[in-house]
Amino acid sequence: MDIELITNILFATIRTGTPLILIALGEMVCEKSGVLNLGQEGMVLMGAVLGFIASVVTGHAGFGILAAIFAGMLMSVLFGFLAISLVSNQVATGLALTIFGIGLSAFLGAGYVGMAIDGITAWEIPYLSDIPIIGKILFSHDPLVYLSWGIFGLLFWCFKSTRLGLTIRAVGENPEAANAIGISVMKVRYGAVLFGGAMAGLAGGYLSIAYTPMWSEGMSAGRGWIALALVVFASWKAERILLGAYLFGAASIMHLVLQGLGFEASPNLLAMLPYAATIIVLVVLASDAVKTKLSTPLALGQPYRPQV
Amino acid sequence: MIRLAEKRLSKKGSTLTKLLTAATLAVSCNVASAADPLKVGFVYVGPTGDAGWTYAHDEGRKYMVDQLGDQVETTFVESVAEGADSERVIRQMAAKGHDLIFTTSFGYMNPTLKVAKRFPKVKFEHATGYKRGKNTGTYFARAYQGRYLTGLIAGKMTESNVIGYVASFPIPEVIRGINAFTKGAQEVNPDVKVKVVWASTWYDPAKEREAAETLILQGADILTQHTDSAAVIQAAQSKGKFAIGYHSDMSPYGAKAHLTATIHNWGALYTQKAKSVLDGTWKSEDLWPGIAEGVTDLAPLNDAIPADVKALVMAKKQEIKEGKARVFDGPVLNQAGEEVVPAGQSMSDNDLKGFNWYVNGVEGQLPKS
């Protein structure tokens, strides 16, 4: 393997990992507040379709991204209303949201199949992208990739050393106690769910506007589910989500690259690689049972009824 | 189905639930009606707007309606999951008095046969399957003939002599396509190599795009695909390479890159089948029409293709149409360069349906599926 090939592999790895990072970071915040939203796939698709439609209508990819975020948030409001306000079963509601999103996005997007948009193109960061190798790998992406790093940094800092991070965790660990010290559990959970929706919508926009600028039904191809699993395997830690997503991306790319290089292995086995590698690495990282338990939001999935 | 649902909903008048129902229920529509027309039903695996497989079938349905007018009345149900769901939909269609039902995905094979047994008077036609019954026929298109013609174009136009092929799963249908394409390319350019990358999915635009870029990185200057989205065309367009589509004309996704595409025209077949039911000559058979019947065809050729290549393709197409030539006429060589089919002979349909080896010119080993 020559340097150019490796550079390209790493470049593609980052691109492949980005939608997973966006979805998984959103879901992580959501789950840290104690809400399990299985509606990722539906929210991603709604973000993808509305983002694409907005791009077509306005002719601006930027508006498309905003619309995608908005679509994800709308979906999550629906989820929040049912699961937080009406205290419905979170698992069932999330699954319903996915089915709803898949169907509704197909319905809305039916007239937009086969249309082409300009999409978001790469933005090479001045100076930084001139660095040999590293510049090509890290600093020649589209703006959404940089945005994913920014969001990662913010969340990492938020849960490491801010009051907001502590508040969200408190609500996810023990909502009654949080309520007792004056935290509005409902507000925090709504906020977290909304953030999760916005991130899923953004990931959808990334797929339909930046990655493969087109709309076709079900184009997320299960990424919402992979991201959901990633959150758990990453023990609700932002840095492990980043690692896991890139690992998954790298293995996905290797599945394709190795075949082209004439590597004699069953492509079915290679296709399994991303899943196997990610799970193994993250499970090994989480092998300390006590620490893992500490990072698990204890009240995850449990409905909270405010005492009146 | 949707009419019933709408009636019920209009009482409640809730827009949200209406949307929900419209989106999650399979949508069925009624087209045309006359005194006692033949009721023809279609079961689709994807949405009619997928610009691919299902789109082509629905175009076929529309063509049939155009041809037969008041003699037929058609219904379709789209996005029907293979398996138990499809059995329910097919049974409902049969029970509602359809005379002829087309089920258009491989996974509908057993459900179709099961329902067919219960409704002996209804005629069933299953696409891509291999099991038939008294009132169940099968049909498929010789898409490989189109592949062969596009292979000629690719072989003539490649400069790097590496052509990339994004494939889904190593089953005979896909291998047949790769072989036909490679044989075409090899006939006009013995130096050409076809590199295959198995994406291990029928549909994942992002992954198809990465597969395409991987192939470009490894020297391919022309790409083609046997997956369902147009991501490969897009990747080629953005990298300034050429690509050949499949299922339908994919030029909207990359007008510059899109050389042509192998497309399916099911209309002629559907019209013929409906006619045979109307005049009572329908029988259960295995139909495998291709270019000669107009079921397999090419999308309009890009102007980037030189005139002499266009002429060559048209000439070959004519020969296949008239039965003067077949795609797998000997000599057919395997990867090792050994002659498997000698000159003067041709591969039988049975051989083609069980293809499990690569022809000369395909790079890499065929994975054991």
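**Labels and their cut-offs**

Mentor: Begin with a strand pair in chain B. Strand S8 (residues 193–198) and S16(B) are joined by two bridges and run parallel. In that pair, B:Val194 has B:Val362 of S16(B) as its bridge partner.

Trainee: What are the ground rules for numbering and confidence?

Mentor: This is a predicted model, where local features need pLDDT of at least 70, side-chain atom pairs count only at pLDDT 80 or more, and totals for chains, interfaces and linings use all residues. Residues are numbered from 1 along each chain as its sequence is written, chains are lettered from A and ligands numbered from 1 in the order in which they are written, and side-chain values use heavy atoms, with hydrogens and water left out.

Trainee: Why are S8(B) and S16(B) called a pair?

Mentor: Two strands pair if DSSP finds at least two bridges between them. Two bridges join S8(B) to S16(B), so they count as a pair. The strands themselves are DSSP runs (E, at least two residues), and helices are runs too (H or I, at least four), both numbered from the N terminus. Chain B has twelve helices and 16 strands.

Trainee: What makes S16(B) an edge strand?

Mentor: It belongs to an open sheet of seven strands in chain B, in the order S13-S11-S10-S9-S7-S8-S16, with mixed pairing. Strand S13 (296–298) and strand S16 (362–363) each pair on one side only, and these are the edge strands.

Trainee: Which strands pair with S6(B)?

Mentor: Strand S5 (residues 123–127) of chain B pairs with S6(B) in the parallel sense over four bridges. Here B:Glu125 is the bridge partner of B:Gly137. Strand S12 (residues 286–287) of chain B runs parallel to S6(B), with two bridges. There B:Tyr139 stands opposite B:Leu287.

Trainee: Which way do the residues of S6(B) point?

Mentor: In a regular strand the side chains alternate between the two faces of the sheet. In strand S6 (residues 136–139), B:Thr136 and B:Thr138 point one way, B:Gly137 and B:Tyr139 the other way, and all are buried.

Trainee: How do you know that B:Val43 is buried?

Mentor: Buried means under 20% relative accessible area, exposed over 50%, partly exposed in between (1.4 Å probe, protein chains only). B:Val43 has 0%, so it is buried. It sits in strand S2 (residues 38–43) of chain B. Of the 369 residues of chain B, 57% count as buried.

Trainee: What does B:Val43 touch?

Mentor: Contact means heavy atoms within 4.5 Å. Leaving aside neighbours within four places in sequence, the contacts of B:Val43 include B:Val77, B:Ile101, B:Phe102 and B:Tyr108. In chain B, residues 24 or more positions apart account for 65% of the contacts with a separation of 6 or more.

Trainee: What makes a group of residues a nonpolar core?

Mentor: It is a set of buried Ala, Val, Leu, Ile, Met, Phe, Trp, Tyr and Cys residues joined through side-chain atoms within 4.5 Å. The largest has 93 residues, and A:Leu25, A:Met28, A:Ile241 and B:Leu223 touch the most other members. Helix H9 (residues 185–211) of chain A gives the largest share, 13 residues. A second, separate core of 66 residues includes B:Tyr139 and B:Val332.

Trainee: Why is one space called a cavity and another a pocket?

Mentor: On a 1 Å grid over the protein atoms alone, a cavity is a set of points where a 1.4 Å probe fits but cannot get out, while a pocket is an open set with protein on both sides within 12 Å along at least five of seven lines; lining residues have an atom within 4 Å of a point. The whole structure has two cavities of 30 Å³ or more.

Trainee: What lines the second largest pocket?

Mentor: It is lined by 26 residues, with A:Ile120, A:Thr121, A:Ala210, B:Arg209 and B:Ser238 nearest its centre. H9(B) gives the largest share, three residues. The volume of this pocket is about 600 Å³.

Key. Points joined across faces, edges and corners; volume = space filled by probe spheres on them.
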